[in-house]
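Visitor: Hi! Could you walk me through this one while I have it open?
Guide: Happy to, let's take a look together.

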Amino acid sequence: MGLLSLAAFATRQRQKEVGVRKVMGASVSRIVILLSSNLARLVVIAFIIACPLFYDAGQQFLEDFAYKINLSVDIFVVTGVVAFMIAGISVGFQALKAAMVNPTASLRND
């Protein structure tokens with residue numbers, strides 16, 4: 001929910017910029033990439049910060065059990081891919097919705 005709210009807020013803040021870019025001839029795909037790239041960087045940074053923290057917390061949690069498993073890289077890769085896909089879908093939807101708006105409607109609200 002936080003990522004979806006952040007994406008909606010970011011697109012709302014840049015609504016006039018999107019309108020100007022559309023008037024100047026930018027394609028919908030280019031606008032979606034522009035709006036999604038900033039939030040994609042945030043997701044990658046959050047994942048990089050969370051991996052070592054989760055590894056340490058997971059190792060400490062698993063030490064209390066009689067039958068232990070090892071935390072492998074596969075778990076982190078799958079988690080990262082799924083998190084990036086969920087973020088991409090939610091942010092991409094908000095960016096696509098903002099890019100499909102008529103530019104005159106966003107520029108007229110002065």
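**A serine and its neighbours**

Guide: Leaving aside residues up to four places away in sequence, Ser36 touches Val91, Gly92 and Ala95. Keep in mind that this is a predicted model.

Visitor: Where is Ser36 placed?

Guide: Ser36 sits in helix H3.

Visitor: And is Ser36 buried or exposed?

Guide: Ser36 is buried, because its relative accessible area is 16% and the cut-off for buried is under 20%.

Visitor: What does the side chain of Ser36 reach?

Guide: The Ser36 side chain reaches the backbone oxygen of Val32, at 2.8 Å.

Visitor: Okay, switching to rings. How many aromatic pairs are there?

Guide: The count comes to three aromatic pairs. One of them joins Phe54 and Phe76 in an edge-to-face arrangement, with 5.7 Å centre to centre and 75 degrees between the planes.

Visitor: Which helices do Phe54 and Phe76 lie in?

Guide: Phe54 lies in helix H3, which covers residues 28-62, and Phe76 lies in helix H4, so this pair ties together parts that are 22 residues apart in sequence.

Visitor: How accessible are Phe61 and Phe65?

Guide: Phe61 is exposed, with a relative accessible area of 53%. Phe65 comes out as partly exposed, at 43%. The labels differ because exposed means over 50% relative accessible area.

Visitor: Last topic, the surface. Which residues form a nonpolar patch there?

Guide: That would be Val73, Val77, Val81 and Met85, with about 370 Å² of accessible area together.

Visitor: Where is Val73 found?

Guide: Val73 is found in helix H4, which covers residues 73-99.

Visitor: Great, thanks for the tour!

Note on methods. Residues numbered from 1 in each chain as written. Predicted model: local features only at pLDDT ≥ 70, side-chain atom pairs only at ≥ 80, totals over all residues. Heavy atoms only, no water. Patch = residues over 30% accessible without salt bridge, like charges linked within 9 Å, V, L, I, M, F, W, Y side chains within 5 Å. Areas by Shrake-Rupley, 256 points an atom, 1.4 Å probe, with all protein chains shown as cover. Salt bridge = Lys/Arg side-chain N within 4 Å of Asp/Glu carboxyl O. Helix = DSSP H or I, 4+ residues; strand = E, 2+ residues; numbered from the N terminus. Phe/Tyr/Trp six-rings, centres within 6.5 Å; stacked < 30°, edge-to-face > 60°. Buried < 20%, exposed > 50% of the residue type's maximum accessible area, 1.4 Å probe, protein only. Polar contact = N/O pair within 3.5 Å; in protein donor to acceptor, adjacent residues only side chain to side chain. Contact = heavy atoms within 4.5 Å.
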